[in-house]
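Here are my notes on the model, point by point. Please read them with the structure open.

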Amino acid sequence: MSETNTTEIGEIAPQNPPLPLQRPRRLRGNRALRRMVRETLLTVDDLIYPMFVMEGTAKKVEIPSMPGCYRYSLDLLLKEVAEVFALGINAVALFPVIPESRKDDTGTESYNPEGLVHSTVRAIKKAVPEIVVITDVALDPFTTHGHDGLLDANGVILNDPTVEVLVKMALSQAEAGADLVAPSDMMDGRVGAIRKALDDRGYIDVGILAYAAKYASAYYGPFRDALDSAPKFGDKKTYQMDPANAREALKEVALDIAEGADIVMVKPALAYLDVICQVRQATGLPVAAYNVSGEYAMIKAAGQLGWIDEKQVILETLTSIKRAGADLILTYFAKEVALMLHK
Ligand code: PBG
């Protein structure tokens with residue numbers, strides 16, 4: 001004990017830098033170890049599949065700026081819904097392609113109980129009753145001008161009159177059998193108004209997935225091609241959020257929660273991972289993120305050119321969204337990923 005170390009080795013020990021105690025590479029040595037310490041698991045349960053429905057029968061039309069995504073007529077959409085449900089996808093989010101002849105200034109077609117969305121919801125609920133059906137509450141596919149709200153004579157978007165129409169729309173979707181209504185319009189106060197109307201009519205179990213922090217993003221371009229819903233004048237910056245703002249996202253989220261949202265969403269996802277992370281920390285509610293059309297298109301385009309390993313990039317991208325804090329991801333990759341995860 002008291003002996004001093006006089007071994008030769010001790011005496012000649014060079015003053016090497018100490019070996020690192022922590023060697024993170026130890027836990028990366030093989031596949032099994034990597035899987036044991038993996039922090040984020042992407043599963044098919046995380047995925048919500050956005051789908052485009054159009055009028056007619058036997059129609060399946062590819063969207064040019066979204067290769068691999070289609071507008072389906074109802075008969076073919078039902079087949080696709082059954083197929084994705086069998087792959088383990090729990091929910092679909094529906095977006096209708098409305099012919100120009102049914103559009104008007106105020107989007108009255110949006111609450112037509114015999115409208116495309118409504119008949120689609122009823123048919124899905126009959127064919128695949130267990131799948132969660134999410135309907136979009138916003139006027140842009142239904143208005144001739146392509147905006148999400150009613151306009152005054154000067155083209156200014158009117159908040160409160162728009163909310164009245166959104167309430168009608170949400171109620172009509174609940175009546176058709178939607179499980180979750182998803183206001184994506186960004187009018188102030190719409191979540192509270194919709195919650196109250198649903199409750200007053202007895203739809204207490206219909207939930208609200210609020211597009212709480214939805215940015216005025218150029219990443220929506222291909223979606224607007226898909227629905228032919230691009231605004232005919234101006235932009236959406238007076239209602240959708242400024243991409244520069246994160247604190248404001250927390251304010252929007254807090255408002256939507258106070259008004260009765262069940263799930264809050266950040267949209268788009270990739271340029272807003274910091275916002276997803278902050279929203280995750282700010283609420284215990286489920287957080288959704290929308291991996292939007294432009295994000296899909298960029299990966300598809302680079303994949304088609306052979307510039308990236310598309311499958312790996314898809315998985316890495318969706319994992320990053322989950323890691324940032326999203327519980328649920330709306331993504332056009334849902335079916336592809338479900339197929340990959342099953343392998
Ligand atoms: C409509 C709506 C949009 C998207 C979802 N709902 C477009 C927009 O706000 O202009 C975009 C989805 C996507 O790009 O994938 N309010």
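1. Helices (H or I, at least four residues) and strands (E, at least two) are DSSP runs, numbered from the N terminus. On that basis, Val37 sits in the loop between helix 2 (31–36) and strand 1 (47–54). Residue numbers start from 1 along each chain as its sequence is written. This is a predicted model, where local features need pLDDT of at least 70, side-chain atom pairs count only at pLDDT 80 or more, and totals for chains, interfaces and linings use all residues; side-chain values use heavy atoms, with hydrogens and water left out.

2. Overall layout. The chain holds 12 helices and 12 strands. Its C-alpha trace spans about 95 × 40 × 40 Å along the principal axes. Of the 343 residues, 49% are buried. Buried means under 20% relative accessible area, exposed means over 50%, and partly exposed lies in between (1.4 Å probe, protein chains only).

3. Surface patch. Together with Leu27 and Met36, Val37 makes a nonpolar surface patch of about 310 Å². Patch residues have over 30% relative accessible area and no salt bridge; like charges are joined within 9 Å, nonpolar side chains (Val, Leu, Ile, Met, Phe, Trp, Tyr) within 5 Å. A salt bridge here is a side-chain nitrogen of Lys or Arg within 4 Å of a carboxyl oxygen of Asp or Glu. Areas come from the Shrake-Rupley method with a 1.4 Å probe; for residues, only the protein chains shown count as cover.

4. Ligand site. The ligand is surrounded by 18 residues (a heavy atom within 4 Å). The closest are Lys214, Arg224, Lys267, Ser293 and Tyr332. Tyr332 places a polar side-chain atom 2.6 Å from a ligand oxygen. For Gln240, a side-chain N or O atom is 2.9 Å from an oxygen atom of the ligand. Ser184 has a polar side-chain atom 2.9 Å from a ligand nitrogen. Taken alone, the ligand exposes 400 Å², and the protein buries 100% of that.

5. Aromatic pairs. The structure holds 11 of them. Rings of Phe, Tyr and Trp (its six-membered ring) pair if their centres lie within 6.5 Å; planes under 30 degrees apart are stacked, over 60 edge-to-face, the rest tilted. Tyr211 and Tyr290 have ring centres 6.2 Å apart and planes at 45 degrees, so this pair is tilted. The pair links distant parts of the chain, with Tyr211 in strand 9 (residues 207–214) and Tyr290 in strand 11 (residues 287–291), 79 residues apart. Tyr211 and Tyr290 are both buried.

6. A further pair. For Tyr296 and Phe333 the centres are 4.6 Å apart and the planes at 40 degrees, so they too are tilted. Tyr296 belongs to helix 10 (residues 293–304); Phe333 lies in the loop between strand 12 (328–331) and helix 12 (334–342), 37 residues apart. Both are buried. Ring pairs link Phe52, Phe95, Tyr211, Phe223, Tyr290, Tyr296, Tyr332 and Phe333 into a cluster.

7. Which side chain does Lys236 join by a polar contact? The partner is Asp148, at 2.6 Å. Such a contact is a pair of N or O atoms within 3.5 Å; within protein, one must be able to donate a hydrogen and the other to accept it, and residues adjacent in sequence count only if both atoms are side-chain atoms. Lys236 is buried at 5% relative accessible area. Leu94, in strand 4 (residues 91–96), is buried at 1%.
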